[in-house]
Amino acid sequence: MDTTNFTDIFKSSFIEKTSAFSLTDALIGLFVSFIIGLFIYAVYKKTFSGVIYSHTFNISLMIMTMATALIIMGISSNVLLSLGMVGALSIVRFRTPIKDPMDLVFLFWSIVSGILCGAGFIPLVIVGSILIGLVLVLFVNRITIENPYLLIIKYADSTVENAMEKVISSQSKKHALKSKSVMPGEELEVTYEIRVKENDSKFMNDLTAIQGVKSAVMLSYDGNFTA
C-alpha cells in the first residue's frame with residue numbers, strides 16, 4: 001500500500017515548472033523590452049503630427065511591449081497554458097478607437113517587439129527597432145506631402161459665383177468643383193477640392209467679404225479644421 005509523506009505534497013507540476021523557470025533570462029527579456037519600449041516612446045513623441053498628443057497612449061506602448069514579453073515567456077514552455085491564454089484574450093474587447101493609421105503602426109511595433117523579447121530574439125529586436133525608428137524619424141517629419149483641402153462655401157444666390165471663382169483661382173494652385181447643393185428658398189452650398197499656396201488660408205477673408213457669402217469653411221482630409 002502506497003503512503004503519502006510530507007515531501008510528496010510538494011512534488012507537483014507547479015514546483016517543476018518553477019524550478020525550470022530561468023529568472024536570469026526573464027530579467028534580461030523584461031529589461032530589453034523596457035529599453036525597446038522606451039525607444040518606441042521617444043520615437044512616437046518625436047514623430048507625432050496629430051492634433052492632440054496623448055501621453056497616456058504613449059506610456060501604454062511601453063507597457064504593452066513589456067506585458068507582451070511577459071506573456072510570451074509564460075506560454076513558451078507550456079502548450080496548455082498558451083491555449084488558455086489565447087482563449088482568455090479572445091474574450092477581451094478593446095473599445096478605444098484608433099483614428100490615426102500611424103498609431104496602429106506603433107501598436108503593432110510594440111506587440112512584435114514584446115513577442116521577440118519574450119522569445120529571446122534580443123539581437124533581432126534591437127536591430128529591427130533601430131531601423132524602424134530611423135525610417136519613422138526620417139520619413140514622418142522630413143518628407144512633406146501636400147494634402148488637398150475641402151472648401152465649403154454657403155451663399156445666398158448664384159450671382160456671387162463668378163466672384164467666388166475669381167478669388168479661389170487667384171489664391172489656390174489647383175481647385176476642382178466637387179459638389180453643389182441647391183434647395184429652393186434656401187441658401188446654396190458648393191464644395192471645392194483645393195490646393196493652397198504654402199498652406200495659406202488668408203484668402204478665406206476675401207471669400208467671406210464677398211456680398212452674399214454666408215460662410216466659408218476649409219477642411220483638411222484628415223478631419224482637422226484649418227480655417
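## Ile115 and its contacts

Setting aside neighbours within four places in sequence, Ile115 touches Thr68 and Ile72, where contact means heavy atoms within 4.5 Å. This is a predicted model, in which local features need pLDDT of at least 70 and side-chain atom pairs count only at pLDDT 80 or more, while totals for chains, interfaces and linings use all residues. Residues are numbered from 1 along each chain as its sequence is written, and side-chain values use heavy atoms, with hydrogens and water left out.

Ile115 sits in helix H6; helices here are DSSP runs (H or I, at least four residues), numbered from the N terminus. With 36% relative accessibility, Ile115 counts as partly exposed. The cut-offs are under 20% relative accessible area for buried, over 50% for exposed, and partly exposed in between (1.4 Å probe, protein chains only). Met73 is 42 residues away from Ile115 along the chain, and their C-alpha atoms are separated by 8.8 Å.

Searching the whole structure turns up five aromatic pairs. Rings of Phe, Tyr and Trp (its six-membered ring) pair if their centres lie within 6.5 Å; planes under 30 degrees apart count as stacked, over 60 as edge-to-face and the rest as tilted. One of the pairs is Phe39 with Trp109, edge-to-face at 6.1 Å centre to centre and 85° between the planes. Phe39 belongs to helix H3 (residues 23-47) and Trp109 to helix H6 (residues 101-119), so this pair ties together parts that are 70 residues apart in sequence. Phe39 is partly exposed at 30% relative accessibility, whereas Trp109 is buried at 4%.

Then there's Tyr44 with Phe48, a tilted pair: 5.8 Å centre to centre, with 50° between the planes. Tyr44 is buried at 3% relative accessibility, and Phe48 is partly exposed at 23%.

In the model, residues 106-139 are 94% helix and 0% strand, with the end C-alpha atoms 15 Å apart.

Leu131 is in helix H7 (residues 122-142) and is exposed, with a relative accessible area of 52%.

Terms used: Helix = DSSP H or I, 4+ residues; strand = E, 2+ residues; numbered from the N terminus.
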